[in-house]
Each structure stands twice: as C-alpha cells, then as structure tokens.
Amino acid sequence: MNHPRFLDNPAPKQNTQQQNFSPAFLHQMINGISDPIFVKDRQHRWVLLNDTYCDFVGHSREELIGKSDDDFFPQAEADVCRQKDELVFTANITNENQDLFTNAQGITHLISTKKSCFEDETGNKFLVGSIRDIILQNEAGKVLGMTGRATDLTELMQKSEALRETLEEPDRQAESDLHRINALLEAQQEASIDGILIIDENRKIVSFNQKFSQLWQIPAALLQTRDARQPLGWVLDQLINPDEFLAKVEYLYQHPQESSRDEIFLKSGKIFDRYSAPVRKQQGACGEVSPLKDYYGRIWYYRDITEYKQAEAELRASQQRLTLLIEQTPLAIIEWNTNFEIQTWNRAAERIFGYTTEEMLGNPFEIIVPENVRKQVNEIITALLTQRGGSFSVNENVTKDGRTMVCEWYNNPLVAPDGQVIGVASMVLDITERKRAEEEQQKFVALIENSSDFIGMASMEGQILYVNPAGLKMVGLSSLEVAKTKLLVDFHSPEAFAELIEQIIPLMSQHGFWQGEFRHRHFQTGIDIPTDCSLFMVKHPETGEPFCQVAVVRDITERKQAKEALLKSEAQLRQQAQELKEALRELQHTQTHLIQSEKMSSLGQLVAGVAHEINNPVNFIYGNLTPAKEYTQDLLALLQLYQSHYPEPMLEIQDFAELIELDFLKSDLPQIINSMKVGADRIREIVLSLRTFSRLDEAEMKAVDIHEGIGSTLMILQSRLKGNDQRPTIEIIKEYGKLPLVECYAGQLNQVFMNILSNAIDALEERVGSGDEGDEGDEGDEADKGDKGNNQCPMPNAQFSMPNAQCPMPTIRICTQLQEPNQVTIRIADNGLGIPADVNKQLFDPFFTTKPIGKGTGMGLAISYQIITERHGGSLECLSQPGQGAEFVIRIPLIQDTST
C-alpha cells in the first residue's frame, strides 16, 4: 500500500544490529499519533500517511499515495510547497513554519508544519513531515484574501500593517477586516506552543504572549514598561552563557535582514529553542525585500525543548543498551525473514561462523548449512513458518573457512499481531568443543574395554557390576553376565578375602584408594593368581558418598617366577599405575569441565533470558508512569477547579464523594504512583544486575570492573541476605580499594564470588542455627577500632575486625586491594563457625563437601580454585580457625601475562 523501500529498507550500515520494525508495526505506531504525519519521496509524492493526515486533508489514503500536491491543491500553493520541500531535500535542514490551510471540505486551519530529510543506506531521500493544528478559523481565508496568504506569524503582521495603511480611507469594511486580522493575530499568538516576543525598530516591546512570560518567568511589571532592555537583564541572569546570548541579540539587531535559530541553555537545566526573524514590508509578486526603511522590528520565538532533549537522550541510551545486549551476548543472534534471508547478524555470529555482517545480510541460510543436513533444516523451517512453536535442534554447520562444527539452535517464529509470521529469531551456541569432550570420554571407555588389565567394578556391598574382557579371561569367566552373578568374596581365597576385609578396605576407605600386590582366584583351576592391584572408591558428585569400588588388576605371575622379570615388571606396573592414575585424574577433570560447562551455559541462558523477559514489561511500565502521574495531577487539578467554582455540588455528587472517600483518594493516589515508580526502579536495578551476572559464558578475557561483578552477585543473593524469623539480616561491609579495570574472565570470576559468598551465608546460617553467637574474645573490638581511618585490608585472627559477642550481627566483609606491582587481592570473610584444619586441607578437592546430602556437590570450591589458579594464574586460599570465622583470599594479576 505504501512505498516499500521506505518501509522495508534496512537501517544504515552502521546500525545494522539495531531493531528493524515490520511495516505492520510501523503503520500501527504512526496511526497512534494524534498529529497528521506524512512522508514524501524525492519526486514529492506521498509514500506514507497516517489516518489523521488523511482525515485532515479530506482524502483517502488510496487517493493520496503516489500523488503530489499538484494533484490536489491550486497550482500557486503547490509551487510554494514544492519550493519549501526542495529546500529541505537539497540543504538537508529541518524546516518549521506556520501557514493557513484549506482542506477538501473548505475548512481553513492555522497550522504549524515541521519537515525534515531522511536518507537510507542506498542514498534515497525522503521528506518526513508533521502538522500541528493551531487554530480552526473558517473566516481566515476570507480575511486574508485581499492581501494574500500569510505563511507565518511575521507575514501575518505584515498583512496587518498593509491593512492599516488602507484604513486611511473611511471604509468601515476595511476597519472590520483590520479588527478581524488583529483578533486572529492575537489568537494565533496565544494558541502557539512557542513563547512569542515582538520588538519594533526602536527596541520597544510591541507584543508578547503568555507563553513567553511563563517560559522566562518575567514579572508583568517589566514587560509593561515596553522597554526591551528591562526583560533582557532578567533573562541574562538565568543563562549559562549570557555573553553569547547578548552578542547574538546585538548582532541580529545590527543586521535586520538576517534570521537565526539556535538553542539556549539555562542554569536551571532547561533548554530553549530560539528562532528570530525580521518583520519587514514585502513588495512585488516575487516578494523582493524593500529598503531598510521598511524594517518594522524583529520577532522572537522561544520553545522549551528540555523534555524533547531528555527523551532523545534516553531513547539513544536505550537503543545503545539494546545494541550492546545483542552485540555482547556469547550466543549468535540471527534474524531471518520469511524467505529465510538473514536480517540480523551479531558479533557472536561473526565469531562463530567467520562471516561479517556485511557479508551475511540478505543472504539465504544455505550458506552456513552443509548439503547433508538441509533436508532436516527444511523440515524445521516448515514447522516454524506454520507457527508450530519454537524448536531446538543440534545441527552441523559450515564456517567461512570451510570448517564443520556442531551447533545448538534455538528457533522461534516472530508473529505479528494479526497472526502472520513475519520472520524467525534464532540463538546459536557452538558446542563443538563439548562434543569433542564427549568423544574423548567415549575413547576412554574404549580404552577400558580394550585394556589388557583386569578392570572391574563392584558395589559397596560387594556385588560385581562390571569386569572388562581382559579381566574375564584372567579369572576364567566366560561372560560379563556370569561375572554379575558373583560376589567379591568369590574372586579370592578365604585367607585373601580376610586380608582384604581386615586390612585393605579400611585403608581404601580412609585414603580413597589402595595399591599393592594381592591375590585373585582363578575360577576354573582354583589357583591364586599373584596380581598388582589398584583399588579406589568412586564418590557421588552431589553427596560425596562412595557408591562403588573399582579395581585395576594385573597378573604378575611371570614376574614372580624370575627376579629379572620381577624387577622389569615392577617398573612397568608402576608406570602403568601412574598412567592409570593420570587417566583417572583426567577423567575427573573432564567430568568437572563438562558439569561446569553445562551449568554455566544453562545459568547464563536462564539469567539472560529472565533479564530480557522482565526488561520489556518493566520498560513499558516505567515509561508510562510519568504520563500516568501527569494525567493524575491534571485530573486532580481539574477536580480542584470544579470544587473551587462549584463548592456546593448536587447532593448525589456529595454522597458519591463521601462514598469513595474523595479526600483520602486525592492524597493517596499520588503516593500509589510514587510507590509504583520506586518498585519499577527496583526491578530495573535487579535486571541490570542479572545482565551483569549473565556474562557467565563469556569466553574472552577482558578488562572489567571487579566491584561491579561483586555488586551483581550480591544483588542476586539479596534474598538470602535478608533477615527472617531464624536470623537477622546479614550485614555486608565493603572495604573497596581504588582498583583499575582488571583483565579476567568476568563470568567465571563472578561464579567464584557466587560460590564463596553462598558458602559464607551457609556458614552464618549454620552458626545462628547452632546458637553459637559471640564469645570470640575482645580481639574483634580492638581490631575494629584499629581499622578506622586505615585503608589496609585486615586479616583474620585479630587482624580482620569482625563482630564478636558484643556485636552478634552475622557479617560478611569484602575487601579489595591493589598490590604492587601487578596484583589484585580480594578478601571475603565471615564470622561463622570457622573451618577445622583437617577439613581445610581438602576444601578445594573435587567432590569434597561437609554439607548434608542434597545441599552440596563438592564442586563449587574445586571449580573456583581451578578458575583462579589455572584460568587466571592466581591463588585462592582459606584462612580459618574453628570459632573464628573464615576468610577466603583471592589473588590474581591485574594484567594477564600473554607471553606464556
């Protein structure tokens, strides 16, 4: 219906990642604007109109689209309009003026028109215009018919002056016309949204409207003097740069032929738009300017554009935040149209697939999909376009350099309000490395299956669960099914089994594993086979409890027969035992990495998704609170006017006012709106913290604000820090040093803060639950006194000042320091029960936990230790004594060493 290039053309290249609105949405948006809106192409033809404009001019959209002013208005008016429009196109300026307009029904309006130029990325120019209907005056055309149409307030004054010259003849009709024009001029001044001041050639005040005195808050006495210098001094006192203002005024008075537009900045923070034009007599059909003697003065327009500037800045900031969110997420964000041509391609997509945004925009999806999976992808596309809901799939994809990778795809159709699918949004995660890790795990399983050693697994009760093929052959069993019918006791002679139960298993339970020479029974011959045996327990990753025993056994019969063979075999066994231990550690490391990767991926997606879903409705609510508050104030003001002018309303009104408690409602309603704004501000703070914390999956090391990461973590833990019926609120004491930006993996460091702070909260809750508060001696008070006025970060054990018996408040203290030459220290301490020395030794071991079943996995501190030491080249240690609380000390380089 409207010009397709203007509606559907993508934004300029530098803004390719910004939101592209659909034509349906754009139509709905402009039709919601009460002012007439129109758009013309370079040939001066209408290409986009809202309903209000069609109603205003008295023609339907179908009649207007593709036509120009020449098709509907008199030629003279159409030529004037075309000249003004051409000026906007060629000079690329914004044009504002006032004019009289007669619509198709013959009704004349006094209108204010604003036109500006828009250029798309291909160089096509469009004129965007809006109209404000100032005065409806059916007689205006008749009054001005004898002197021509006045295009703005200046020309209207000139027409008034011309009419005054004709009044020298005693013509009552001319006098009536003059009064009518003066009335129209006065009405136009008062109806204007601008403050208007008219100064004659002698710098005397000729006229001003109420808006002018309201904008500058000038006392009426100053304006009534008619001396332009009096209000000028009042104005200069309000300006940030009065000298510049005064110089411009003097310049314009010295150059009466010039016009000017600029912006004025007030000390109060307001911003005014100022426009000034000369008032002079025009002669001739072409409007030649007469000599200086026909100069009548100058007209000044002032408009308060403070809210416009603020809204413009807020909109720009909001667009920047949205762009940053799309650009900085580790997930590839891709938007497709219904032809599956790419419309949006963020930086993560560039990084994952290797193609730049310029290379991908407008291209079909086949460019990144290999031939062998296109059939599957086509089925997914069909389901999305028929609105069968979102989809999740794991597909192979091709990068720009021809590399094949594996990606997870999360696809959702974009459905317009009319139910039509207008596109598809996809989020893509590269899981190639994760797949490789799974393949490595499968290789490890294959290694066990093909190992020449006996590798077996039994439950803690002694029931055989698994024996590999080499183990079955060594003990003379025919199959795994037969082995599963046996017990651990069946694999040993009575003497060997007694030794196993009495000596070996207790050692294995104490240390987690046992290694040494032992004996296994051959099921066919009954002979004891001398073996080199490695036994260890596998613990549950969540509970930390052992759930099975694993034996790695090698037959050393031949080694026992000869001393040389024995020595050689012993060396080989030690080597293989070491390799197996290394393989076991690698397996545990791989398992830890997989768990961490899945956990962080899910958590990052959840947090980012929650923040995104909350942000849109909160922005809607927040954006409407200010208008709602203004509307409420206007309604209450209107009600106050009614009460002041009609103090004795009808009995029915009095009864209803008493029924609804009108006085209470007037006082409580603004408070309700203020409370809603406070709540919306709080939600926005939470969403910002969620966005900061959702950087968990960022793979690149970058310089970040450590304090911001700690703050976002505390925000997420806010619900746990609040007091309840079991304990008071946990106090957070922040002793932050002046830190520059620190090079680190921000998301991983946030996870370390989360793990340590969560453990600190658990320790404080455990202390409150045990009733052990205080009784920590007087060292805390002394340290607290010594800490005042000291920027040094205190240490535990009388160096870290924490609340004691005189201050039983559960407390967490966070201290940051910059230590020379290149080290940042973060200390997180609590006044909980403390950690025993034997537990402290195992604190960073994988799967080690002291928490009850179901509350701890034993992975949090182990992962934190790995992040700090391996990923950041730093150190993590715990300083604690029972009853004295615990302090975790993190040290990482300020700037990472990239040479290694």
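**A chat about salt bridges, a helix and the surface**

A: Asp 51 is partly exposed, with a relative accessible area of 36%, and please keep in mind that we are looking at a predicted model.

Q: Which residue does Asp 51 form a salt bridge with?

A: The partner of Asp 51 is Arg 61, and the closest N and O atoms of the two are 2.8 Å apart. The pair links distant parts of the chain, with Arg 61 in helix 4 (residues 61-64) and Asp 51 in helix 3 (residues 51-57), 10 residues apart.

Q: And is Arg 61 buried or exposed?

A: Arg 61 is buried, because its relative accessible area is 11% and the cut-off for buried is under 20%.

Q: How many salt bridges does a search of the whole structure find?

A: The search finds 31 salt bridges. One of them joins the side chains of Asp 273 and Arg 261, at 3.3 Å from N to O. Asp 273 lies in strand 9 and Arg 261 in strand 8, so this pair ties together parts that are 12 residues apart in sequence.

Q: What are the relative accessible areas of those two, starting with Asp 273?

A: Asp 273 has a relative accessible area of 14% and is buried, whereas Arg 261 is partly exposed, with 40%.

Q: Which residues are linked with them in a network of salt bridges?

A: The network links Glu 96, Asp 194, Arg 261, Asp 273 and Arg 303.

Q: What about Glu 371, which residue does its side chain meet in a salt bridge?

A: The side chain of Glu 371 meets that of Arg 374, with a distance of 3.3 Å from N to O. Glu 371 is exposed, with a relative accessible area of 61%, while Arg 374 counts as partly exposed at 26% relative accessibility.

Q: Let's move to helix 12. Which of its residues are buried?

A: The buried residues of helix 12 are Phe 245, Val 249, Leu 252 and Tyr 253. They cover an arc of only 100° around the axis, which means that they sit on the same side of helix 12.

Q: Which residues are exposed on the other side of helix 12?

A: On that other side, Asp 243, Glu 244 and Gln 254 are exposed.

Q: What do the buried residues of helix 12 pack against?

A: They pack against several elements, namely strand 6 (195-200), helix 11 (229-236), strand 8 (260-265), strand 9 (271-280) and strand 12 (295-304). Strands 8 and 9 have come up already, since Arg 261 lies in strand 8 and Asp 273 in strand 9.

Q: How far apart are the end C-alpha atoms of helix 12?

A: They are 18 Å apart, which agrees with the 18 Å that its 13 residues (242-254) should span at 1.5 Å a residue, because the expected span is taken from one less than the number of residues.

Q: Where is Asp 294 found?

A: Asp 294 is found in the loop between strand 11 (288-289) and strand 12, and it is buried, with a relative accessible area of 12%. Asp 294 and Val 279 are 15 residues apart in sequence, and their C-alpha atoms are 8.9 Å apart in space.

Q: Now the backbone. What is phi of Arg 203 near?

A: Phi of Arg 203 is near 60°, a positive value in a residue other than glycine. Arg 203 has its place in the loop between strand 6 and strand 7 (205-208), and it is partly exposed, with a relative accessible area of 29%.

Q: And what is phi of Glu 661 near?

A: For Glu 661, phi is near 55°, again a positive value in a residue other than glycine. Glu 661 is found in the loop between helix 23 (651-659) and helix 24 (662-693), where it is partly exposed, with a relative accessible area of 48%.

Definitions and conventions. Residues are numbered from 1 along each chain as its sequence is written. This is a predicted model: local features need pLDDT of at least 70, side-chain atom pairs count only at pLDDT 80 or more; totals for chains, interfaces and linings use all residues. Side-chain values use heavy atoms; hydrogens and water are left out. Helices (H or I, at least four residues) and strands (E, at least two) are DSSP runs, numbered from the N terminus. Buried means under 20% relative accessible area, exposed over 50%, partly exposed in between (1.4 Å probe, protein chains only). The arc is that of the directions from the helix axis to the C-beta atoms. Contact means heavy atoms within 4.5 Å. A salt bridge is a side-chain nitrogen of Lys or Arg within 4 Å of a carboxyl oxygen of Asp or Glu.
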